[in-house]
Structures are given as C-alpha cells and as structure tokens.
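Here are some comments for a colleague who is opening this model and would like a guided reading of it. They are set out as numbered points, to be read beside the sequence and the structure.

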Amino acid sequence: MNDYFLSTLSVIVILAFFDAIVSKTKNGKSVKIIISLFSTFLLLSPILKVFKGGDFNSNLSSISYYEEYLNSLEDEVMLSKIKFALNRGNLNFNDVLVVYENIESKKTLIKITIFLSGSVINDENENINMLENVKKLLENTIDVNKVEIEIETVR
C-alpha cells in the first residue's frame, strides 16, 4: 500500500508539471481533460480492485491472521500470569495446562490443570490444603470461583 501512495504521488506531480506546460498551447483544454481522466483512473484503481475482490480477500486473511495471533498472544499472557503467581508462592510444578471455552464469540477460561513435580499427595486433606493454597496464589490473577482448578502429580 505504501508503494501505491508513492507511485500515485509521483505520477500526480508529473501530470501536474505536464499540465502546466501543455495548458498554454491551443490544445490545452483537451489535454487537461485527458490528464484529469488519467489521474482519476489512477486514484480509483485500488478501489476497483477491492470491489472486484482482488485485495479484499487478502485483507480479510490478514485480519484473521492478526486475530489468531492476538488470541494466541492472549493465551500466552494468561499462562504466564498463572505461572508467575504459582512461582511467587514457591510451588514446584512441571507444567500448567489451561482450557478455554468459546461462548458467543467470547473466550472464557474454564479449567487450569497444574502438574506438580516431585510431590505425592498421600492424603485427601493434603490435596484439599494444596488446592486451597493454589487458589490463594491465583486469586489476584483469575476468578477462582469460576475456574475449575485441578492438581495432578507426576510420578
């Protein structure tokens, strides 16, 4: 698009210079009309391409590409926030898995699975305490009442 503007600007300058020289001749009026039609066609050509479908599809594909990129970036940022909160609480984990749900074109975090490293949960009370500790660590990052949190151990 930048090339289009530069070429258009240069052609208009050349046509204006040509118009200034030729308009003083006896065929000046007809030359002005031809120059005006040529410059109008030059300016309208990209717009005609959009209506024909030439550049419109590529613009749509680039828009969808950027939407995908922004969605993946949003996922990475949320995952980084969760990992940061867990690291701040000195929780030893190998990985974190997040699951989203798309409802009416709105992406919602529904589940977080934390894979602990080097820990074995022996008792139900230990699991409940660990889950409560994780919820306390994540309460400033996510709404812990709306998100299901699971803790898995790696053996």
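**Notes on the predicted model**

1. The lining of the largest pocket is made up of 7 nonpolar, 1 polar and 6 charged residues, where nonpolar covers Ala, Val, Leu, Ile, Met, Phe, Trp, Tyr, Cys and Pro, charged covers Asp, Glu, Lys and Arg, and polar covers the others, Gly among them. This is a predicted model, in which local features need pLDDT of at least 70 and side-chain atom pairs count only at pLDDT 80 or more, while totals for chains, interfaces and linings use all residues. Residues are numbered from 1 along each chain as its sequence is written, and side-chain values use heavy atoms, with hydrogens and water left out.

2. The volume of the largest pocket is about 270 Å³. A pocket here is an open set of points on a 1 Å grid over the protein atoms alone, where a 1.4 Å probe fits and protein lies on both sides within 12 Å along at least five of seven lines, and its lining residues have an atom within 4 Å of a point; grid points are joined across faces, edges and corners, and the volume is the space filled by probe spheres set on them. There are 14 lining residues, and M78, Y100, K107, T108 and L109 are the closest to the centre of the pocket. Two or more lining residues come from each of α3 (56–88) and β2 (106–116), and α3 gives the most, with 5 residues.

3. As for the overall layout, the protein chain has 4 helices and 3 strands, which follow the pattern α-α-α-β-β-α-β along the sequence. Helices (H or I, at least four residues) and strands (E, at least two) are DSSP runs, numbered from the N terminus. Among contacts between residues at least 6 apart in sequence, 50% join residues at least 24 apart, a contact being heavy atoms within 4.5 Å.

4. Of the 155 residues of the protein chain, 19% count as buried; buried means under 20% relative accessible area, exposed over 50%, and partly exposed in between, with a 1.4 Å probe and protein chains only. The accessible surface comes to about 11700 Å², and 57% of this belongs to carbon and sulfur atoms. These areas come from the Shrake-Rupley method with a 1.4 Å probe, and for residues only the protein chains shown count as cover.

5. Which residues have the most contacts inside the largest nonpolar core? They are I82, L86, I112, I114, V134 and L138, in a core of 20 residues, where a nonpolar core is a set of buried Ala, Val, Leu, Ile, Met, Phe, Trp, Tyr and Cys residues joined through side-chain atoms within 4.5 Å. At least two core residues are supplied by each of α3, β1 (93–103), β2, α4 (124–138) and β3 (148–153). Leaving aside residues up to four places away in sequence, L86 touches L91, F93, V96, I114, V134, L137 and L138.

6. T113 is found in strand β2 and is buried, with a relative accessible area of 6%. Beyond residues up to four places away in sequence, T113 touches D95, V96, L97, E150 and E152.

7. V11, in helix α1 (residues 2–22), is partly exposed at 24% relative accessibility, and V11 touches F38 and L42, not counting residues up to four places away in sequence. The C-alpha atoms of V11 and S39 are separated by 7.9 Å, although these residues are 28 apart along the chain. V31, in helix α2, counts as buried at 18% relative accessibility, and with the same exclusion of residues up to four places away in sequence V31 touches F18 and V22. S36 also has its place in helix α2 (residues 28–52), and S36 counts as partly exposed at 41% relative accessibility.

8. N90 lies in the loop between α3 and β1 and is exposed, at 66% relative accessibility; the phi of N90 is near 55 degrees, a positive value in a residue other than glycine. Most residues other than glycine have a negative phi. D143, in the loop between α4 and β3, is partly exposed with a relative accessible area of 36%, and its C-alpha atom is separated by 9.4 Å from that of L109, 34 residues apart along the chain.
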